[in-house]
Amino acid sequence: MDLTESDSDYGNWMSALSEELWDIPLSNLAIPGSHDTMSYCLDITSPLVRSESDAFRILDGLFYCFTRPVIYRWATTQEKDIVEQLQAGIRYFDLRIAHKPNDKSDELYFTHVIYTHVTVLDTLQKIASWLDSHPKEIVILACRNFQGLSEKLHEAFIYSLRRTFASKLCPHTEAVVTLRHLWSLRYQVVLSYDDQTAARHNELWPAIPYLWANKPTAEGLIDYLEWQKSEGRPDGFFVAGLNLTAGRCFIASHPHESLRSLSVENWDGVRQWLKEQRPGPGHSCLNIIAGDFVGLIPFCHLIIALNKKLIPAVTETERPG
């Protein structure tokens, strides 16, 4: 498999796009994203998240020394930290947020089967600081899969989000969401919040659809995404997930595998398919494309390059009839 292509530094790729693309809605551009963004810092000693089954909790309690390494191998979807992902060109972040059971504090953590070491607010501060030094880069933060948050905790978290990003937040009522328009207003953050609480806050965008194949092979993944394309793209932002998924039967029958090795083994097939895709408003066009193991799997520069396919279309529409 070819992993020689580099995603080393695309920290300013949006500001470097051709001016012909500055007036295209962000929902019609090709934007790289990371699936389960924060799983690079999972705490192997933390409890299972609330959504895991009672049977799995019993198994984990009885065979902790066996289950925890397996969980870590298959729940870890990223290796680069949040700033490294930003620098690699990622602009959509899949943030799964939870409050730990029996935690007396209001501290929130990220999750994927188990909880992370790092806290949510510390991570958001790092994103805000990075944006300060990259004033023409726009990020889409998808806060989703909430677990254990009361309405009070939701409101406190939303207050923290507003305080952290302040004037960088683009209201969901904004009619024009293009690079040129966002730059003119100094907006840098589209904040999607997948909870009914969001309806009370103008700064929060609704949930962004994520097309998830739930397949362990490139063939299964591509078949699913092609089927979704045939159904037509959603209005507005949406995500096509390149991430592979292994069920528990697959994991049990592949004891020496990990999500990392599975992703590398299947990359060649996914890469060829990815190069053939096109962004835009068309029926079968893609928008955000998210994957696992940013950097190790060099998909960012391929996704960014898809935007070049829009330039002839822009030029053609601007010619006088």
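**Salt bridges and burial**

Modeller: Arg96 counts as buried, because its relative accessibility is 15%. Keep in mind that this is a predicted model.

Biologist: What makes 15% relative accessibility count as buried for Arg96?

Modeller: Buried means under 20% relative accessible area. Arg96 has 15%, so the label applies.

Biologist: How do you know that Arg96 forms a salt bridge with Asp94?

Modeller: The closest N and O atoms of Arg96 and Asp94 are 2.9 Å apart. A salt bridge needs that nitrogen within 4 Å of the carboxyl oxygen. The pair therefore qualifies. Asp94 is buried too, because its relative accessible area is 1%. Shared partners then join Asp36, Asp94, Arg96 and Arg144 into one network of salt bridges.

Biologist: Why can such side chains pair at all?

Modeller: Opposite charges can pair when the charged atoms come close.

Biologist: How many salt bridges does a search of the whole structure find?

Modeller: The search finds 15. One of them joins Arg248 and Glu52, with the closest N and O atoms 2.8 Å apart.

Biologist: What makes you say that this pair links distant parts of the chain?

Modeller: Arg248 and Glu52 are 196 residues apart. Arg248 is in helix H8 (residues 248-253). Glu52 is in the loop between strand E1 (31-34) and helix H1 (54-62).

Biologist: Arg248 or Glu52: which is buried and which is exposed?

Modeller: Exposed means over 50% relative accessible area. Arg248 has 52%, so Arg248 counts as exposed. Glu52 has 15%, so Glu52 counts as buried.

Biologist: How do you know that Asp60 and Arg68 meet in a salt bridge?

Modeller: Their N to O distance is 2.9 Å. The cut-off is 4 Å, so the pair passes. Asp60 and Arg68 are both buried.

**Helix packing**

Biologist: What describes two packed helices?

Modeller: The angle between the axes and the distance between the axes.

Biologist: Which residues of H4 and H5 meet?

Modeller: From H4 come Val120, Leu121, Leu124, Gln125, Ile127, Ala128 and Leu131. From H5 come Phe157, Ser160, Leu161, Thr164 and Phe165. By class, this contact has nine nonpolar, three polar and no charged residues.

Biologist: What makes H7 roughly parallel to H9?

Modeller: Helix H7 (residues 218-231) and helix H9 (residues 259-275) pack at about 25°. That is under 35 degrees, so H7 is roughly parallel to H9. Their axes are 9 Å apart. The crossing of H7 and H9 is right-handed.

Biologist: Which residues of H7 and H9 meet?

Modeller: In H7 they are Ala218, Glu219, Leu221, Ile222, Leu225, Glu226 and Lys229. In H9 they are Asn266, Gly269, Val270 and Trp273. This contact divides into six nonpolar, two polar and three charged residues.

**A residue in H4**

Biologist: Why does Thr123 count as buried?

Modeller: Thr123 is in helix H4. Its relative accessibility is 3%, so Thr123 falls under the 20% cut-off and counts as buried.

Biologist: What does Thr123 touch?

Modeller: Leaving out residues up to four places away in sequence, Thr123 touches Met38, Ile82, Phe110 and Val118.

Key
Residues are numbered from 1 along each chain as its sequence is written. This is a predicted model: local features need pLDDT of at least 70, side-chain atom pairs count only at pLDDT 80 or more; totals for chains, interfaces and linings use all residues. Side-chain values use heavy atoms; hydrogens and water are left out. Contact means heavy atoms within 4.5 Å. Helices (H or I, at least four residues) and strands (E, at least two) are DSSP runs, numbered from the N terminus. Ala, Val, Leu, Ile, Met, Phe, Trp, Tyr, Cys and Pro count as nonpolar, Asp, Glu, Lys and Arg as charged, and the others, Gly among them, as polar. A salt bridge is a side-chain nitrogen of Lys or Arg within 4 Å of a carboxyl oxygen of Asp or Glu. Buried means under 20% relative accessible area, exposed over 50%, partly exposed in between (1.4 Å probe, protein chains only). Axes are lines fitted to C-alpha atoms, for helices over the stretch in contact, and angles run from 0 to 180 degrees between N-to-C directions. Angles under 35 degrees count as roughly parallel, over 145 as roughly antiparallel, 65 to 115 as roughly perpendicular and the rest as oblique. A crossing is left-handed if the near helix is turned anticlockwise from the far one by less than a right angle, and right-handed if clockwise.
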